[in-house]
Amino acid sequence: MDSRIERILMQVEKPARYTGGEVNQIIKNKDNIDLRVAFCFPDTYEIGMSNLGMSILYHTMNSLDYVWCERVFAPWGDMAKAMTDAQIPLYALESGDPISDFDVLAFSIGYEMAYTTVLDMLSMARVPLRSSERKDLTPLVIAGGSACVNAEPIADFIDLAIIGEGEEVNNELLALLKQAKQERWSKERFLRTASDIHGIYVPSLYVPVYGKDGLLDHIEVKDGAVYPVKKRIVQDLDQVDFPVEPVIPTTEIVQDRVSLELFRGCVRGCRFCQAGYIYRPIRMKKSDRLIQQGKELLENTGYQDCTLLSLSTSDYRELMPLLNGLLDYCEPRSIGLSLPSLRADNFSMDIMDRIQRVRKSGLTFAVEGGSQRLRDAINKNVTEEDLLNTCKIAFSGGWNTVKLYYMLGLPTETDEDILGIAQMANAVLHCWRENAKNKNRGVKITISTSCFIPKPFSPFQWEQQITMNEYRRRVSLLKNAITAKNVTYKWHDPETSFIEAVLSRGDRRLADVLEYVWKHGGRLEAWEDYFSYELWMEAFSHFGIDPSFYANREREADEILPWDVIDVGVLKKHLWHERELCYQSTLSPDCRKQCSACGAARLLKKGCVCDS
Amino acid sequence: MRTLQRSFQRAGYPLKYSEGFNPHPLLSVALPMSVGISSDCEILDFKMDEAPSDLELAARSVTNALPEGLVIHEIYYPEVKVTAIKWLKIEGILDFDDGISDELIANLNDVFRQDTIEVMKKTKKGEQLFDCKPHLKELAVQPHSDQKVKMTAVISAQNPTVNPNLLIKAIPDPWRPDFSRFHRIEVYDEEMNIFR
């Protein structure tokens, strides 16, 4: 280890974040490698190492013998400062080598608030920030992850974005880069050729032209590039590589457990939910394969907990066989099984009976809207009756902690809807009084609200976000309506949601703002410790940009949206139709009752069927 | 702790779990180390449901499952409680970026030859003045390279615990090293017999 790093490690919190050396990290001989990839996660080690996508892609990229992919995370503030003071550039954990010499800097971006951290990591790596300033073929700066469905705010900083799932397209890209490097291609030639690979978006080939009103007039496509750029998916999840020997952190991380992904996509179509649309079509893994992988993972890692991941676990078609198979293995070994993302509507006594056999955790329900009318409008198909039934089973089964999550500011929301949240909390409390096994232990009901953020590729992509003051008014309305002492109300501050709303539907004109915020110390902005609302506002005003243009403005049906350059599968007209149904408070049947022909199935190869 | 516990699990030697609301593996380190210290002599107490038939094989298997650099030297049934550990032999490498001299070595030795070696020590009751001298056996300082000094010492491992960094703190400013790292060599009982 570099002796300078050894010294600063003694001064910083949680040094194990920065040492590498974990079990199952992949070490290769760099003399036998053609491409070195720095897989950069623009957040801390604990967050990045908990990311299943990162774990999968680390292994798929390293499956190429000519590639060595290493991990890089954003150092916490103390380490970042110590590194800057000691003039240590950002390095990769496996080799300890500075990443500026690598061929690819690949960022996984799951949320918009990480944008400034991307800039900071580029800067710490001593790589020029803007794509136009990096003339050579390498280092190539690429990005992927769900935030990249609208990569426009960071478009000027990256050379290309991966749209969709990376298992296959990443390796196709790396194969092309290997060839380009050997044949000494120019960066332009490489990018143009790469743009022909399905799932690759090269921002420099698409130039947005704005009208006098500030709206996007059209998108100029250069050099005959594909338009729109189609999202890439893995056709068969059972066939694709899945790591059963993941890197095992030596220090505690956020999700310190085995994660099993049951399926991608969601049959529900909640209208506020971007994930519910951008991960379509629905593809599931077979339960016998999952049981096998789960056992192997538990054996290979020694973890004592296992989580089943998906957008809506109760909708997994083979849930019962899966649970039975896993519990047969887990129970005798004291391994806990957790099922986040269960729906309140079909939550059965059976499931609960099964998972509580090892460890009992709290219950959390994302109810989202306070009245049936509003829940119908947002297509969140959960009734109060379902919720109370579930609570009844839970309370009589000995649970005594319930968390209910809501959003304030959803389209069509009225004060009556908000007061409905307080009423529902009272109903849950009443349900506990009627059904609790042991009342001496008391009950804890927590209501949480956050400010709704309209996201691209959801039916609410045209909606305005309510203003921060309006959010505060709604919070205090709810606060005053909650009187029971067993009910706690927690609300998120609206400032971060406002900035996130600006960035998630932002365009390339925000590049300067991002650079300004970063230059003035903005990094790890997803953390309260670092987020500075004032700094963002200062940046907007410095460039004469009105943030409410992005956050609080309702878009017209025919407006060209900055992310129209991307085709995620679900059609724009389907999203609009769903939005119209919202204003009629009309539910859409879930995909299993009736296919809505949303368009996502177009991404499947011939012979493959959505949700089969 | 998690790293150790998972390694036993991975190696196929699952630990015994406590019986309670939130079961946890029964595993404890006799002398927990502060961050940055390395060691050749850690003692780990653990319980298993089933005793392994071949302890040597178990030691090798768990070692293979551990992160590189961590080695289980021996697994045995304890006869003496770990509270009987009293002394700890350590070795420190002290960096002096501007180089070392005979004078420096002499000064450092003088510091540790004094009748008292007092430093402020953080305790549960707040910071208190602490005299290291009675809890110290043998301390020698000698040149190691052009910029490094080697320090060997036998210090009290518990009741009270002397953190080797306290000894660095006791060095007056002009001779204080730019950086130091410590390594544990061996553990002993009260009578300086090697503890096992």
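A:Glu252 and B:Arg2 form a salt bridge, with 3.4 Å between the closest N and O atoms. A salt bridge here is a side-chain nitrogen of Lys or Arg within 4 Å of a carboxyl oxygen of Asp or Glu. The model is predicted, so local features need pLDDT of at least 70 and side-chain atom pairs count only at pLDDT 80 or more, while totals for chains, interfaces and linings use all residues. Residues are numbered from 1 along each chain as its sequence is written, chains are lettered from A and ligands numbered from 1 in the order in which they are written, and side-chain values use heavy atoms, without hydrogens and water.

The interface involves 19 residues of chain B in contact with 19 residues of chain A, contact meaning heavy atoms within 4.5 Å. The two chains bury about 1,800 Å² between them, and 50% of this lies on carbon and sulfur atoms. Buried area is the accessible area (1.4 Å probe) that two parts lose on being put together, summed over both. Of the area that chain B buries against chain A, 35% comes from B:Arg6, B:Arg10 and B:Phe179, more than from any other three residues.

Five salt bridges run between chain B and chain A. Nine residue pairs across the interface are in polar contact, both residues being at pLDDT 80 or more. Such a contact is a pair of N or O atoms within 3.5 Å; within protein, one must be able to donate a hydrogen and the other to accept it, and residues adjacent in sequence count only if both atoms are side-chain atoms. On the side of chain B that touches chain A, helix 1 (2-10) and strand 9 (179-188) of chain B each supply at least two residues. Helix 1 of chain B gives the most, with six residues. Helices (H or I, at least four residues) and strands (E, at least two) are DSSP runs, numbered from the N terminus.

Chain B contains four helices and nine strands. Their order along the sequence is α-β-β-β-α-β-α-β-β-β-β-α-β. The C-alpha atoms of chain B fill a box of roughly 60 × 35 × 30 Å along the principal axes. Of its 196 residues, 41% count as buried. Buried means under 20% relative accessible area, exposed over 50%, and partly exposed in between (1.4 Å probe, protein chains only).

Over all chains, the salt bridges number 59. One of them joins A:Glu500 to A:Lys455, with the closest N and O atoms 2.9 Å apart. This pair links distant parts of the chain, 45 residues apart: A:Glu500 is in helix 16 (residues 494-504) of chain A, and A:Lys455 is in the loop between strand 17 (444-451) and helix 15 (468-481) of chain A. A:Glu500 is buried, at 18% relative accessible area. A:Lys455 is buried as well, at 12%.

The side chains of A:Arg472 and A:Glu495 also meet in a salt bridge, at 3.0 Å from N to O. A:Arg472 belongs to helix 15 of chain A and A:Glu495 to helix 16 of chain A, 23 residues apart. A:Arg472 is partly exposed, with a relative accessible area of 34%.

In chain B, B:Arg196 forms a salt bridge with B:Glu186, the closest N and O atoms being 3.2 Å apart. B:Arg196 lies in the segment after strand 9 of chain B and B:Glu186 in strand 9 of chain B, so the pair ties together parts ten residues apart in sequence. B:Arg196 is partly exposed, at 41% relative accessible area, whereas B:Glu186 is buried, at 12%. Elsewhere, salt bridges that share partners join A:Glu6, A:Arg7, B:Asp95, B:Asp97, B:Lys148 and B:Arg181 into one network.
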